[in-house]
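Here is a short tour to follow in your viewer. Please have the model loaded and a selection tool at hand.

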Amino acid sequence: RQDYFLSPDGTTMVVLARPARSAQKLDFNRALLAGVWRAENRALEAFRARQPAPRLGTAHKPDSFNAYAAGSEPTLRVGYTGMHAVAVENEASLRSDILLNTLTAGLFVLAIYLVAYWRVRLAVHVILVLGVAVLFTLALAMPLHGAVGVLGVGFTSILIGMGEDYAVYLHNTFQGYRSAGLGEEAALRKTLVRCGPSILAAAVTAAAAFFGLFLAHFRAVAELGFLAGLGLTLCALLMLSLFPALMLGAAGRRGGAE
């Protein structure tokens, strides 16, 4: 259903449409805006065909839909608003936001580890495990919860900021046992026995607190709580499986070099 209003001077037209589905359906939003962009292109093509040809402005849409919207001195401008258009725009910027947040937080953690331990390999291993945790979280969140919203992107910084604590605990304990004269495998077993319950308890506690936000009425806050809780749980599991394997491999290479 749609309607339009034309200004008395004939310079501005507002077209109102009521989509058939909710703005929370991202697949529908993408299809809807793609249809609107194609319709705009057809209208601009017909508008340009008039004699004398008017000057056309560039519409706010991707380049793939911009075939008929060229002009150096535009007099025709097209814009979109409404939750469906906003949702499509937010989704388009979401991927770059996730990448930027993850890289920024990861670089800060990398710098801190380099300053504190002066071990590049350790810093790389920590960032690798945290990056895998982010990827696993997104892979599970999509089928369980749906597409990630704008506020939900912040879970990557929460995950990296809290998850690296587990790595510090494991690394220091492992090195303590190694300094006491234990072999690599024995030190790793003792490290997991000593640190495992504490890490799992901390992860469950933090995840439960964030999962509590899932009950919030504000969808963006609920989404952030779900992603942070799921991410911290997966991070703890990876820190007790993947990270010890990386520590053991690094210790074996150092021992072989010696």
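Which residues make a nonpolar surface patch of about 440 Å²? Select Tyr4, Leu6, Met13 and Val15, and you have that patch on screen. Keep in mind throughout that this is a predicted model. Now widen the selection to strand E1 (2–6) and strand E2 (13–17): each of them supplies at least two residues of the nonpolar patch. Leu6, for one, sits in strand E1.

Next, switch to a cartoon of the whole protein. You will find seven helices and two strands, and reading from the N terminus the order is β-β-α-α-α-α-α-α-α. Of the 258 residues, 34% are buried.

Time to go inside. Select Val126, Met239 and Phe243, the residues with the most contacts inside the largest nonpolar core, which has 42 residues. Then colour the elements that each give two or more residues to this core: H2 (83–117), H3 (120–145), H4 (155–179), H5 (184–212), H6 (219–239) and H7 (242–257).

For a last stop, centre on Met239. Setting aside neighbours within four places in sequence, Met239 is in contact with Val129, Leu130, Gly163, Tyr166, Ala167, Leu170 and Pro244. Across the protein, 62% of the contacts with a separation of 6 or more are between residues 24 or more positions apart.

Note on methods: Residues are numbered from 1 along each chain as its sequence is written. This is a predicted model: local features need pLDDT of at least 70, side-chain atom pairs count only at pLDDT 80 or more; totals for chains, interfaces and linings use all residues. Side-chain values use heavy atoms; hydrogens and water are left out. Helices (H or I, at least four residues) and strands (E, at least two) are DSSP runs, numbered from the N terminus. Buried means under 20% relative accessible area, exposed over 50%, partly exposed in between (1.4 Å probe, protein chains only). Contact means heavy atoms within 4.5 Å. A nonpolar core is a set of buried Ala, Val, Leu, Ile, Met, Phe, Trp, Tyr and Cys residues joined through side-chain atoms within 4.5 Å. Patches are made of residues with over 30% relative accessible area and no salt bridge: like charges are joined within 9 Å, nonpolar side chains (Val, Leu, Ile, Met, Phe, Trp, Tyr) within 5 Å. Accessible areas come from the Shrake-Rupley method with a 1.4 Å probe; for residues, only the protein chains shown count as cover. A salt bridge is a side-chain nitrogen of Lys or Arg within 4 Å of a carboxyl oxygen of Asp or Glu.
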